[in-house]
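Biologist: Before we discuss particular residues, may I see the sequence and the model?

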Amino acid sequence: MTAGNGRGAAAGDEDTDGRKAVGSRAPAAAVGAVGPRRVGRETVDHGRASDTVAAVVRQWHAVRPDIDTGPMEIIGRVNRCAALLQQAEDAPLRRAGLTRPEFDVLGTLRRTGHELTPGEIARETFSSGAAVTKRLKQLTERGFVERRGDTRDRRVAHVRLTDAGRDLVDAVLPEQLTYETAVLSGLDDQEQSHLASLLGELLIQLEGRLRTPRG
């Protein structure tokens, strides 16, 4: 995750997905004169295009009207927004040849400002040890990080950014945050703040109950 920018790190989408996820919870004045109507638990705003998850929910309502699709309306939109952001060809990370997990490793080393062990990086990036080992190998081969052995314990390695790695993070981070600002531009400041707060509350709950390493 890009550090130091709570709003920029919130999930969103260039076109309709992010707007619909927040629009359903926006204040009445922001929704329009007619206001939203409910379909099951889903909120549909008059005058706005429907997002892809809304279409999926309507299909489920048609074949299984007995089930509550409320969780799908939230989790489905979060997943859809994340997938679209990962696939965006014009994102600075993609142009720099970095995946988000690779940038998380570089960003962690940059923002902490000191060497870290692979285990510490795994905890900071919420990743598995095997995944971090693979990313460190790739980043080392590209000259962005370097490892040194511990003088007292050969089993322990210490990882730090190279000058090239530091320069890459410092160049890409402002571009990435500018890109994320543009992605979220369909939401006003109040909506972005509200969305960031809701996602933060959800994340706290999930980290408390479901905290297991990512891939």
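Modeller: Here it is; please bear in mind that the model is predicted. We may begin with Val 63, which is placed in helix α3, residues 52-63.

Biologist: Is Val 63 buried or exposed?

Modeller: A residue counts as exposed when its relative accessible area is over 50%. The relative accessibility of Val 63 is 57%, so Val 63 is classed as exposed.

Biologist: Which element gives the largest share of the largest nonpolar core?

Modeller: That core has 19 residues, and those touching the most other members are Leu 106, Leu 109, Ile 121, Leu 136, Leu 139 and Val 145. Two or more residues come from each of α6 (100-112), α7 (118-125), α8 (129-141), β4 (157-161) and α9. The largest share, four residues, is given by α6.

Biologist: Which residues does Leu 139 touch, leaving aside those up to four places away in sequence?

Modeller: Leu 139 is one of the core residues that touch the most other members. With that sequence limit, Leu 139 touches Leu 98, Glu 102, Val 105, Leu 106, Phe 144 and Val 145.

Biologist: Which side chain forms a polar contact with that of Asp 163?

Modeller: Asp 163 lies in helix α9, residues 163-183, and is exposed, with a relative accessible area of 58%. At 3.2 Å, its side chain makes a polar contact with the side chain of Arg 166.

Key: Residues numbered from 1 in each chain as written. Predicted model: local features only at pLDDT ≥ 70, side-chain atom pairs only at ≥ 80, totals over all residues. Heavy atoms only, no water. Buried < 20%, exposed > 50% of the residue type's maximum accessible area, 1.4 Å probe, protein only. Polar contact = N/O pair within 3.5 Å; in protein donor to acceptor, adjacent residues only side chain to side chain. Core = buried A, V, L, I, M, F, W, Y, C linked by side-chain atoms within 4.5 Å. Contact = heavy atoms within 4.5 Å.
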